[in-house]
Protein chains: 2
Amino acid sequence: MSDRQLHLNVNLLHSGVYASAWRLPESDPRACFDVGHYVRVAEIAERGKLDAIFLADTPAITDRIDYRSFMSMEPTIVLASVAAATSHIGLIATASTTYNEPYNIARRFATLDLASGGRAGWNAVTTADASASRNFGLSNVLEHKARYERAKEFAEVVHALWDSWEDDAFVGDKSSARFVDTSKVHPIAHRGAHYAVAGPLNVPRSPQGRPVTVQAGGSHDGRDLAAAQAEAVFTLAQTIEEGVAYARDLRARAATYGRAGDSIVILPGLATVIGSTEAEARRRQDELWELVPIEYSLARLAGTLQVDPAILELDKPLPDPLPLPANANHTMFQGTVNLARRGNLTVRQLLRALGGGVGHRIIVGTPEQIANDIEAWFKAGAADGFNLMPDVLPTGLEVFVDNVVPILQRRDLFRTDYAGTTLREHFGLPRPISHFARRTEAAATA
Amino acid sequence: MSDRQLHLNVNLLHSGVYASAWRLPESDPRACFDVGHYVRVAEIAERGKLDAIFLADTPAITDRIDYRSFMSMEPTIVLASVAAATSHIGLIATASTTYNEPYNIARRFATLDLASGGRAGWNAVTTADASASRNFGLSNVLEHKARYERAKEFAEVVHALWDSWEDDAFVGDKSSARFVDTSKVHPIAHRGAHYAVAGPLNVPRSPQGRPVTVQAGGSHDGRDLAAAQAEAVFTLAQTIEEGVAYARDLRARAATYGRAGDSIVILPGLATVIGSTEAEARRRQDELWELVPIEYSLARLAGTLQVDPAILELDKPLPDPLPLPANANHTMFQGTVNLARRGNLTVRQLLRALGGGVGHRIIVGTPEQIANDIEAWFKAGAADGFNLMPDVLPTGLEVFVDNVVPILQRRDLFRTDYAGTTLREHFGLPRPISHFARRTEAAATA
């Protein structure tokens, strides 16, 4: 295998990325409320030697659930169940920095890391949706910049808590009655603009040292947060050029924080519709598209753009100009507008290209074509891998694992077995040393 | 079996209720950080047909971890792992109303209820410890009354969110493209003194309708909260008289909220040390006690009483008077002081009676003696069952399940198999109707 490794997550979007996925004959409509569904998908991902499963999250109903299945169950609970049924697959859950306390998040993910033998990842998001803010006592969502300032401090606190136990703080010596060497368990004494947290965490240092920190924002502030603190990013890019430009920008920003550029794994979203011939794949895409009610697609697009659906005319292009709303999800907004402008698409064509309202790139073709595309992006430096979004779950992932993965393996791009057992090992990320331990070491050397 | 059922939970206190439990030859000192340990205990509890496992929690280090194992891993993550390995045992996790948001708690427990097929219970606590407050941006703990006011409103919001989906809101009809009947999914529009929560929850109504609400406070405000909202209580009582008085008081308070007195399952804590003869049980207690460092016991007692350890003289009684500190855990404080005064104990004798700092009743004897004690309390109306606290885990529970449970079964006091699959069914609690559905029904009848 070549030095540089391809990384593949599956974004476990309930019944699949297509809004109509739950309506296929093969689909169980209740899947999004059934932890067994998540376990089955994770088992398939593990059979395919994928790096991780990834669960998106918003603490609110943000989609048109009259029409489609949605992210419902709380992700860390789901992943704890999945951990019990699997042994290698990484487990990444989204949790909001705006609607949680850093102590609780640090603790929950450290526990998941212990329970899974070092497979936990935390996708830190700031949660743009106004519907979420109304579930947490706020009548308006926090302004974009304020959310990211809090997020940065939140992640600092979480990382400090994960570092608060040195690796060898636990003693457990029965004869001397010494359980923990408390000189190696440190208060963090954090006092910042938004948080005051004494620490230490009440969970010892977990197998990965720190669970992997993931980030998914494409805005200026989002990229800055990723550059400062993320070890993997879930991005949106529609073309190789966009992907390359994003990677260059992020690695340059990381350098300003004194971080090596390749210390961040860049994973654009990639929706897949696979057939044994290209014609079969197109037919599958047509079927999936025809099962998406047009009212749903319009409502979803209007939601992304934060406009009144009435101003969207099906056979005309998007209104121009279309200003960025104050509290939009920047990544989704810009991805959608770029897609429309680049192809000069009508609203109807845009909806179809979005596949029912996604915004991430969709590729439709044979396993060979999918593998070629992945290889091209990877070799161009537009991606270190992908956050896969199969059209339908679990069937779309099963087809990928059984048909695309073997091609990538034959081309020496993807592992044929796991080399390690932790998510850090899958991603090729170092296990960090507690900054308290580093300080102790430095003092001993001086 | 007689009509009235005995209920038995095991309080899964890491290595066991004795501070020295981790030091026994049979114990794995790392057990409190190992989800496999929790799974093993749950499997034994399920083999014994117990109602539930119960996990205590505080989001801080509150014990002297230099000397003993402690509650560390986040309980809902642990229980999600346990759920995957078991099929019947109830799963009760503690979560603080002071350091969480109601939307997050409603969602996490609804998810656990879905993932476990209806076995989730939420033990709502207000968290008295000052060390916890300092992990959440507060320099001082909220005053007792304020904590309970918030807790009451918090539980109201959680219950409303659990009710926000009617049972039949999910449709999942592939042909009509109708996923959810949103006329049966209700905003809760809560605006109270402490919380403003729009809802609805983004999780459908879970198998139990609502996860079971448990409460564990013995103070005036704690009892009032339990009377208003709890379906099971974990209490502290050292004598049958105390137990009977508590039950009478709680049932009278419940009546003022329009609730039937027997709608609350009362479960005092009961620590057990079991031997095949009484002498053997006493020897085991001696061994356990001798392995508890006296510095630990003193520090723990001083913590419960919130006094300087230096004022506690080993061979004298507790100082008198001993005022209730403003932010003490009332139940633990009062239980400890009562125990000392009743027996006119010296500090040394008190420490031994506490078994290293617990406060709950300890019974030492043969399986027959333990069964007799349980039967006497149950028949006197001092308890509907017990929250068992085995001396050492898992071995102390194993002995209970293999030796005490069969006696209780032969006496027709305890189930020989589960009659249902949910925690509500084990506890004999009705499955509540969503108050939104009740309103719809009432409107249809009018």
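## Strand 1 of chain A

All five of the five residues in strand 1 of chain A, residues 7–11, are buried, so this strand is largely enclosed by the rest of the structure. The model is a predicted one. Both faces of strand 1 of chain A are covered. A:His7, A:Asn9 and A:Asn11 sit on one side. A:Leu8 and A:Val10 sit on the other. In a regular strand, side chains alternate between the two faces of the sheet.

Strand 1 of chain A has parallel partners. With strand 13 of chain A, residues 385–390, it is joined by four bridges. There, A:Leu8 stands opposite A:Phe386. With strand 2 of chain A, residues 52–55, it pairs in the parallel sense over three bridges. In that pairing, A:Asn9 has A:Ala52 as its bridge partner. Strand 1, helix 1 (residues 35–47) and strand 2 of chain A make a right-handed β-α-β unit.

## Strand 10 of chain A

Strand 10 of chain A also has buried residues on either side. A:Ala232 and A:Phe234 point one way, A:Val233 and A:Thr235 point the other way, and all are buried.

Strand 9 of chain A, residues 212–215, pairs with strand 10 in the parallel sense over two bridges. A:Gln215 has A:Val233 as its bridge partner. Between these strands the chain passes through helix 6 (residues 220–229), and this β-α-β crossover is right-handed. Strand 11 of chain A, residues 265–274, runs parallel to strand 10 and is joined to it by four bridges. Here A:Ala232 is partnered by A:Val265. The chain crosses from strand 10 to strand 11 through helix 7 (residues 240–256), again in a right-handed β-α-β crossover.

## The second largest pocket

How large is the volume of the second largest pocket? It is about 1,400 Å³. The pocket is lined by 50 residues. A:Thr58, A:Asp129, A:Arg300, A:Asn329 and A:Met332 lie nearest its centre. The elements of chain A that give two or more residues to the lining are strand 4 (120–125), helix 5 (144–162), strand 10 (232–235), helix 9 (294–305) and helix 10 (330–343). Helix 9 of chain A gives the largest share, four residues.

By class, the lining has 20 nonpolar, 23 polar and seven charged residues. Domain 1 (7–162 + 196–274 + 362–431) and domain 2 (293–354) each give at least three residues to the lining.

A:Ala281 lies in helix 8 of chain A, residues 278–290. Its relative accessible area is 0%, so A:Ala281 is buried. A:Gln349 is 68 residues from A:Ala281 along the chain. The C-alpha atoms of these two residues are separated by 18 Å.

## Strand 2 of chain B

In chain B, strand 2 covers residues 52–55. B:Ala52 and B:Phe54 point one way from this strand, B:Ile53 and B:Leu55 point the other way, and all are buried.

Strand 1 of chain B, residues 7–11, pairs with strand 2 of chain B in the parallel sense over three bridges. The bridge partner of B:Asn9 is B:Ala52. The chain crosses from strand 1 to strand 2 through helix 1 of chain B (residues 35–47), and this β-α-β crossover is right-handed. Four bridges join strand 2 of chain B to strand 3 of chain B (residues 90–96), which run parallel. In strand 3, B:Ala93 is the bridge partner of B:Leu55. Strand 2, helix 2 (residues 75–85) and strand 3 of chain B make a right-handed β-α-β unit.

How values were computed. Residues are numbered from 1 along each chain as its sequence is written. Chains are lettered from A and ligands numbered from 1 in the order in which they are written. This is a predicted model: local features need pLDDT of at least 70, side-chain atom pairs count only at pLDDT 80 or more; totals for chains, interfaces and linings use all residues. Side-chain values use heavy atoms; hydrogens and water are left out. On a 1 Å grid over the protein atoms alone, a cavity is a set of points where a 1.4 Å probe fits but cannot get out, and a pocket is an open set with protein on both sides within 12 Å along at least five of seven lines; lining residues have an atom within 4 Å of a point. Grid points are joined across faces, edges and corners, and a volume is the space filled by probe spheres set on the points. Ala, Val, Leu, Ile, Met, Phe, Trp, Tyr, Cys and Pro count as nonpolar, Asp, Glu, Lys and Arg as charged, and the others, Gly among them, as polar. Domain bounds come from an automatic or database domain assignment. Buried means under 20% relative accessible area, exposed over 50%, partly exposed in between (1.4 Å probe, protein chains only). Two strands pair if DSSP finds at least two bridges between them. A crossover is right-handed if, with the strands pointing away from the viewer, the path from the first strand over the helix to the second runs clockwise.
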